Amino acid sequence: MTTPSTPGAFDHQPLTEAPMADPENPAAHLKLDGLPGKIVWAAAILFALWQIYTAAFSPVSSIVVRALHVGGLLFLTFALFRFQPSKTGHAAPPLWDWALGGLALAIGFYQWVFEGDLIQRAGDPNQVDLVVGVLALILLVEGARRIMGWALPILCVVFIPYAIWGRSLPEPFLHRGFDWVQVIDTLSFGTEGIYGTPTAVSATFIFLFILFGAFLEKAGMIGLFNDVALGTVGHTKGGPAKVAVISSGLMGTINGSGVANVLTTGQFTIPLMIRFGYRPAFAGAVEATASMGGQIMPPVMGAVAFIMAERLELPYAEIALAAIIPALLYYFSAFWMVHLEAGKYGLKGLPADQRPAVWASLKRNWHLALPLAALVYMLFSGFTPLFAGVIGLSLTILLILGGASFGMVASSPMRAIAWISLGAALGALAASGALSIAATLMLGVALMVVVCAAMKGWDTLRLLLDGLADGAKSALGVGVACALVGILIGIMTLTGLATTVAGMILDLAGNNLAIALVLTMIVCLVLGTGLPTIPNYIITSSIAAPVLEKMGVPPLIAHMFCFYFGIMADLTPPVALAALAAQSIAKAGHMEIGWIATRIGAAGYVVPFMAVYAPELMLQGSNVTPLAVGYIVVKALVAIVLWGAASTGWLLGRLSVWERTAATVIALLLVAALPITDEAGFAATVAFLAWHRWRVKRQPALTVPNAA
């Protein structure tokens, strides 16, 4: 029988390959074979099932969910990542790593078993509590170090002595100091430390949406996206690079992980671009830029969007709605840059015989879009992301199971009858009120598992189990980072450090919004040299966002500003994690890829500034009318067109040095929100385009440079 599949689906030993845990950190991963692999594979599945169960039915308190979430993540971390990276990549976990993982899991259960006692003695922990609290912190820091290196653990740990000995520090960092018992109690128990809001979001929304993306990939969504992109733009000038932009943008709608997108769609798009004449470094940069945009592409976006919704106490749909126009501008910028690059080097599209038939692909796989459509509808209809995630995930699993089971029926009418009968039965059960919608869908999944097993669809059932394991492993880096930054947030809350630093930024900026924005951008980019997007956003939004709000920036836009530059940090050298991931496929220098990526993603650096001065770009403010929004969008599009021309040195033909300078200045006029700058910018744009067109026409054809 045929089963849904996708490149990278499990077709080997259980958990023989553990992909990088942090989707923003291309760290070396570990491969486990034999019994250790089977144990971790089974543990990952049980962990994923527990997360789905708690999300759907809420059987335990929130603090227990958070504690077991961190414990489960650390168990898998110590099983999959060694104290020192293995040179062979196949080192089985030593006994003491199993012991560390078991201890981390036991600490999670400690929060569950003694939940009532811990609540009663909150603020006055006993000796056992203190030992457990210290061990929880040590294990978390060590687990994070194994996944993402030293930068974030060190940054968080140094705040602990700051809290204890703050009374000995000079102004403005002086504070009264706190007893170490109070520090441990704050960080390891309750909801102000490692079990704070970021961990709560990771244990619910983020984990579900990671699973949702993993199952859609297993169902074949990557193939559908690639077929649509190839069939629509593959034949145009520079088609392969445009395919990369579109397919990565589509993947971003279901997978909010930049580096994970590079390593999935990039396996196909980067070699394709190179084969059709793009430089390896440029091919890698296109994929890195397009993939990072997935974090700002609704409806799923990246994990930060869920954290932002919790921190701002806004519906997730409002966050996604505000991100739509900037995300489209970002992808327009990437699309425009590859179009200009293709024109500059005379790169052609794919031959007609290599283009897939779009309608045939859609006709064959249109049903894969149903869970995504349901998810979008629920998110924008007021349902919680948790409920939407449970429903979307359940529908995806039902599609996979039903497609395999009903696919055994040769007659199309019979298959249709089977689907209609299943839908009607589940709908009637939900409408009767006997079970909740989530419980009804779970029952449907269980029923289809039995049917699939009865029809010997073992490959499909194995694919589902692998999807659960993949989702659990993909959540490691995000979840551990969320818990780790809880240390920093807890200390900031305890000591009031965020307010102190915000005051310093205000003093340094001199109440000048432009300077404050530039300082915030620099902080985000500097932090991004060693931190993934999530802790980058949490830190900068805790410190800088209140500053911007005091200067009159709407809260959502202030947080989006920090979010955007946290993303752009992953494209910006010297670290450029997305470029580092693309390097492994493109076989080009990651610094070269990073610098080209910053040029391609120019909109990512410009749009946040425009949104601050023109909130209509994010559908915020009092002047959100179609005319006002349309005007800002047109202005942004013209600025991006000029940025792209100045960056590549090509528009209708090659640009001279002074033309590139003029295009840059005009684009800056359109970005600035000063009196008459818009009028001057538009007038200069018309004059520039007229001049450039006239000059290109009167000169003989330019020699196309060598793309290599």
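Reader: Ser58 is found in the loop between H1 and helix H2 (62-80). Why does Ser58 count as exposed?

Author: The model is a predicted one, and the values are computed from it. Exposed means over 50% relative accessible area. Ser58 has 53% relative accessibility, so Ser58 counts as exposed.

Reader: Why is Lys587 called exposed?

Author: The relative accessible area of Lys587 is 69%. The cut-off for exposed is over 50%, and therefore Lys587 is placed in that class.

Reader: Which class does Leu46 fall into, buried or exposed?

Author: Leu46 lies in helix H1 (residues 34-57). With a relative accessible area of 58%, against a cut-off of over 50%, Leu46 is exposed. Leu46 and Phe282 are 236 residues apart in sequence, and their C-alpha atoms are 42 Å apart in space.

Reader: Why does Thr289 count as buried?

Author: Buried means under 20% relative accessible area. Thr289 has 0% relative accessibility, so Thr289 counts as buried. Thr289 is part of helix H13 (residues 280-292). Leaving out residues up to four places away in sequence, Thr289 touches Tyr330, Leu571, Ala597, Ile600 and Gly601.

Reader: How far is Thr289 from Ala104?

Author: Their C-alpha atoms are separated by 37 Å, and the two residues are 185 residues apart along the chain.

Reader: What makes the span of helix H5 close to the expected one?

Author: H5 (residues 127-148) has 22 residues and reaches 32 Å from its first C-alpha to its last. At 1.5 Å a residue, 32 Å is also what is expected.

Reader: Why is H5 described as mostly covered?

Author: Of the 22 residues of H5, 16 are buried. Arg146 lies in H5. Its relative accessible area is 8%, which is under the 20% limit, so Arg146 is buried.

Reader: What surrounds Arg146?

Author: Leaving aside neighbours within four places in sequence, Arg146 is in contact with Phe78, Phe81, Arg82, Phe83, Trp96, Asp97 and Leu100. The side chain of Arg146 also makes a polar contact with the side chain of Glu142, at 2.7 Å. Arg146 and Glu142 belong to a network of salt bridges, together with Arg82, Asp97 and Arg145.

Reader: How do you know that Asp227 and Arg364 form a salt bridge?

Author: The limit is 4 Å between a side-chain nitrogen of Lys or Arg and a carboxyl oxygen of Asp or Glu. The distance from N to O in this pair is 3.9 Å, so Asp227 and Arg364 qualify. The pair links distant parts of the chain, with Asp227 in helix H10 (residues 221-233) and Arg364 in helix H16 (residues 358-365), 137 residues apart.

Reader: How many salt bridges are there in the whole structure?

Author: A search finds 13. One of them pairs Arg599 with Glu341, at 3.7 Å from N to O. This pair also joins distant parts of the chain: Arg599 is in helix H28 (residues 590-600), and Glu341 is in helix H15 (residues 316-345), 258 residues apart.

Reader: What makes Lys473 and Asp470 a salt bridge?

Author: Their closest N and O atoms are 3.4 Å apart, and the limit is 4 Å. Because the two residues are three apart in helix H21 (residues 458-495), about one helical turn separates them. Lys473 and Asp470 are both buried.

Conventions:
Residues are numbered from 1 along each chain as its sequence is written. This is a predicted model: local features need pLDDT of at least 70, side-chain atom pairs count only at pLDDT 80 or more; totals for chains, interfaces and linings use all residues. Side-chain values use heavy atoms; hydrogens and water are left out. Helices (H or I, at least four residues) and strands (E, at least two) are DSSP runs, numbered from the N terminus. The expected span of a helix is 1.5 Å times one less than its number of residues. Buried means under 20% relative accessible area, exposed over 50%, partly exposed in between (1.4 Å probe, protein chains only). Contact means heavy atoms within 4.5 Å. A polar contact is a pair of N or O atoms within 3.5 Å; within protein, one must be able to donate a hydrogen and the other to accept it, and residues adjacent in sequence count only if both atoms are side-chain atoms.
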